[in-house]
Amino acid sequence: MAEKIPADLWFDPSCPFAWVTSRWLLEVEKVRPIEPRFRFMSLHFLNEDKDVPDDYKQRALKNLGSVRVVAAAAAKHGEEYVGRLYTELGTRLHNQGLSKQPERLREVNEAALEAVGLDGNLADAMESDEWDEAIRASHDEGITLVGQEVGTPIIRVGANAFFGPVITKILRGEDAGRMWDGVLAVTEFDDFFELKRTRTRRPQFD
C-alpha cells in the first residue's frame with residue numbers, strides 16, 4: 001500500500017462550493033493515496049475589511065458562529081472533531097437546505113454536536129469570541145498560502161497549495177481521481193495561476 005499523502009482543506013461551513021469540494025476530496029481518498037485533513041477558516045475574517053455588500057458581511061458574521069463551534073470542539077475534544085463536525089454541519093446546512101433558514105443556525109449546531117457525541121450546549125461558543133484567535137491563526141495559515149483575493153476552499157498538498165477547485169457536482173470513482181490528478185498537475189507549476197470560466201450551474205450536493 002502506498003503511504004497516504006496529507007491533503008489539508010480549509011473551509012467555512014457556510015460555503016456551498018467548499019462543501020462540494022470537500023465531498024469530492026473524500027471521493028478522491030477512495031481512489032488515490034491521500035489523507036484529507038480539514039482545517040477551519042472564516043469568510044467573515046476574509047471579507048471584514050473588503051468592499052463587499054453589507055448583507056453579505058452580516059451573513060458571514062452570523063455564520064462565524066459555526067466556525068467558533070468547530071474551533072471550540074477541536075480545542076476541548078481534539079482535532080479529529082473538525083472533519084466530523086464539518087460533515088454534520090454541511091449535511092444539514094447544504095443537503096438539507098437549512099442554510100436558507102438562518103434563524104435555525106443554533107439548532108443546526110446543537111444537532112451536529114450531538115451527532116458526533118458532544119454536548120449540544122457547546123453551541124454556546126457561537127456567541128463567544130474566545131475561539132477567534134485560534135480561528136484567525138488557522139485562517140491566516142491557509143490564506144497566506146494562496147493570497148487574499150480568493151476564499152474557501154483552499155487545499156494544500158505538500159508544498160503545493162491552491163484555491164479550489166470550484167466544482168458544482170461531487171465527482172465520484174475514477175472521475176474524482178482524474179480531476180485530482182489534473183489539478184495537481186497544473187498547480188505544481190510556479191507560473192500557473194488561474195483557469196476560470198463563468199459558472200452556469202448551482203452546486204449539487206447529492
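Good morning. I begin with Lys100, which counts as exposed because its relative accessibility is 73%; exposed means over 50% relative accessible area, buried under 20%, and partly exposed in between, with a 1.4 Å probe and protein chains only. The structure is a predicted model, in which local features need pLDDT of at least 70, side-chain atom pairs count only at pLDDT 80 or more, and totals for chains, interfaces and linings use all residues. Residues are numbered from 1 along each chain as its sequence is written, and side-chain values use heavy atoms, with hydrogens and water left out.

Lys100 sits in the loop between helix 4 (80–95) and helix 5 (105–115). Helices (H or I, at least four residues) and strands (E, at least two) are DSSP runs, numbered from the N terminus.

Let me turn to the overall fold. The protein chain has seven helices and four strands, arranged along the sequence as β-α-β-α-α-α-α-α-β-β-α. Its radius of gyration is 17 Å, close to the 17 Å given by the globule rule for 206 residues, so the chain is as compact as a globular protein of that length. That radius is taken over C-alpha atoms, and the rule is 2.2 Å times the number of residues to the power 0.38. Of the 206 residues, 47% are buried.

I now come to the charged pairs. The whole structure contains 17 salt bridges, each a side-chain nitrogen of Lys or Arg within 4 Å of a carboxyl oxygen of Asp or Glu.

Which parts of the chain do Arg156 and Asp8 tie together? Their side chains meet in a salt bridge at 3.0 Å, N to O. Arg156 belongs to strand 3 (residues 154–157) and Asp8 to strand 1 (residues 5–11), so the pair ties together parts that are 148 residues apart in sequence. Both residues are buried.

A second salt bridge joins Arg92 and Glu88, with the closest N and O atoms 2.7 Å apart. Both lie in helix 4, four residues apart, about one turn of the helix. Arg92 counts as buried because its relative accessibility is 15%, whereas Glu88, with a relative accessible area of 21%, is partly exposed.

Asp124 is in the loop between helix 5 and helix 6 (132–146), and Arg106 is in helix 5, 18 residues apart. Asp124 is partly exposed at 45%, as is Arg106 at 30%.

Finally, salt bridges with shared partners join Asp8, Arg37, Arg39, Glu141 and Arg156 into one network.
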